[in-house]
Amino acid sequence: MTPHPKSVLVLNGPNLNLLGRREPAVYGAQTLADVETVCREACRTYGFTLDFRQSNHEGVLIDWIHEAGVAQAAGMSAGVVCNAGAYTHTSAALHDAIKGAAVHLIELHISNVHAREAFRQHSWLSPVAQGVLAGFGVNGYALAIAALAMQPAGSKQ
Ligand code: DQA
C-alpha cells in the first residue's frame, strides 16, 4: 500500500500578505500567491501535500503550530516552514508554541535579516527551529521544503 503523502505546513506571518507591494527593494516583486506556487511545485517534487497559510495575528499562528504538532504526532506532517515576519523578533509565545508542540520547523526569511537593522538580528524562533534560511528570496521556501524532505520529522540529525 502506498503511504499517505505527508503534508508541509507553510506559515506566513504579519504583513506577508503585502508581498509584491511591500518594500520591493527588500522583498522583491513576487506576491504571496507566487510564493504559494513555488511551495506547491517544491511539494510536488518531494511528494508532499501543501497547506499554505497567512495570518497577521500571533494567536492564530500559535493555534496553527499546535495543529501541526498534532498532525506530526499522527505521522501526517513532514514539518512546518515558518516565516513569522516581525513576530520572529518579538514573540516568546511563538517560541513556546514551537517548543511545546515539538514541531519540526524551519525558520525562513526572504531577506537576509542579518544584513539589516539590529532589531532583526535576534530571533525567538531560531533556538527551537530545526534550521534557519534567510536571504534567498522566495526561492528560500523551496529550499526549506527540500530540507524537510532530507531531514524528515522525527529524525535526529
Ligand atoms: C522577514 C524579515 C522580518 O524581519 C520582517 O519583519 C518580515 C519579513 C523576511 O521574510 O525577510 O516581515 O521575515
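Modeller: Here it is. Start with H95, which sits in helix α4, residues 92-101. Keep in mind that this is a predicted model.

Colleague: Is H95 buried or exposed?

Modeller: Buried. Its relative accessibility is 15%, and the cut-off for buried is under 20%, so H95 counts as buried.

Colleague: And how far is H95 from P127, C-alpha to C-alpha?

Modeller: 8.0 Å. Along the chain, H95 and P127 are 32 residues apart.

Colleague: Switching to the ligand. Which residues surround it?

Modeller: The shell is R22, Y27, N83, G85, A86, H89, H109, I110, S111, V113 and R120.

Colleague: How does that shell split by class?

Modeller: Four nonpolar, five polar and two charged residues.

Colleague: What is the polar side-chain distance from R22 to the ligand?

Modeller: 3.0 Å, from a polar side-chain atom of R22 to a ligand oxygen.

Colleague: And I110, which part of that residue is involved, backbone or side chain?

Modeller: Backbone. A polar backbone atom of I110 is 2.8 Å from an oxygen atom of the ligand.

Colleague: What about S111 and the ligand?

Modeller: There the side chain is involved. One of the polar side-chain atoms of S111 lies 2.6 Å from a ligand oxygen.

Colleague: How much of the ligand does the protein cover?

Modeller: 99% of its accessible area. On its own, the ligand has 330 Å².

Colleague: Which pocket does the ligand take up?

Modeller: The largest pocket.

Colleague: Back to S111. Where is it in the fold?

Modeller: In a loop. That loop runs between β4 (105-109) and β5 (131-134).

Colleague: Why does S111 count as buried?

Modeller: Because its relative accessible area is 7%, and buried means under 20%.

Colleague: Which side chain does S111 make a polar contact with?

Modeller: R116. The two side chains are joined by a polar contact of 2.9 Å.

Colleague: Last topic, F136. Where is it?

Modeller: In the loop between β5 and α5, with α5 covering 139-150.

Colleague: What's the accessibility of F136?

Modeller: 49% relative accessibility. Exposed means over 50%, so F136 counts as partly exposed.

Colleague: And how far apart are F136 and A71 in space?

Modeller: 28 Å, C-alpha to C-alpha. In sequence, F136 and A71 are 65 residues apart.

Conventions:
Residues are numbered from 1 along each chain as its sequence is written. This is a predicted model: local features need pLDDT of at least 70, side-chain atom pairs count only at pLDDT 80 or more; totals for chains, interfaces and linings use all residues. Side-chain values use heavy atoms; hydrogens and water are left out. A residue is near a molecule or strand if one of its heavy atoms lies within 4 Å of it. A polar contact is a pair of N or O atoms within 3.5 Å; within protein, one must be able to donate a hydrogen and the other to accept it, and residues adjacent in sequence count only if both atoms are side-chain atoms. Accessible areas come from the Shrake-Rupley method with a 1.4 Å probe; for residues, only the protein chains shown count as cover. On a 1 Å grid over the protein atoms alone, a cavity is a set of points where a 1.4 Å probe fits but cannot get out, and a pocket is an open set with protein on both sides within 12 Å along at least five of seven lines; lining residues have an atom within 4 Å of a point. A molecule sits in a cavity or pocket if more than half of its atoms lie within 2 Å of its grid points. Ala, Val, Leu, Ile, Met, Phe, Trp, Tyr, Cys and Pro count as nonpolar, Asp, Glu, Lys and Arg as charged, and the others, Gly among them, as polar. Helices (H or I, at least four residues) and strands (E, at least two) are DSSP runs, numbered from the N terminus. Buried means under 20% relative accessible area, exposed over 50%, partly exposed in between (1.4 Å probe, protein chains only).
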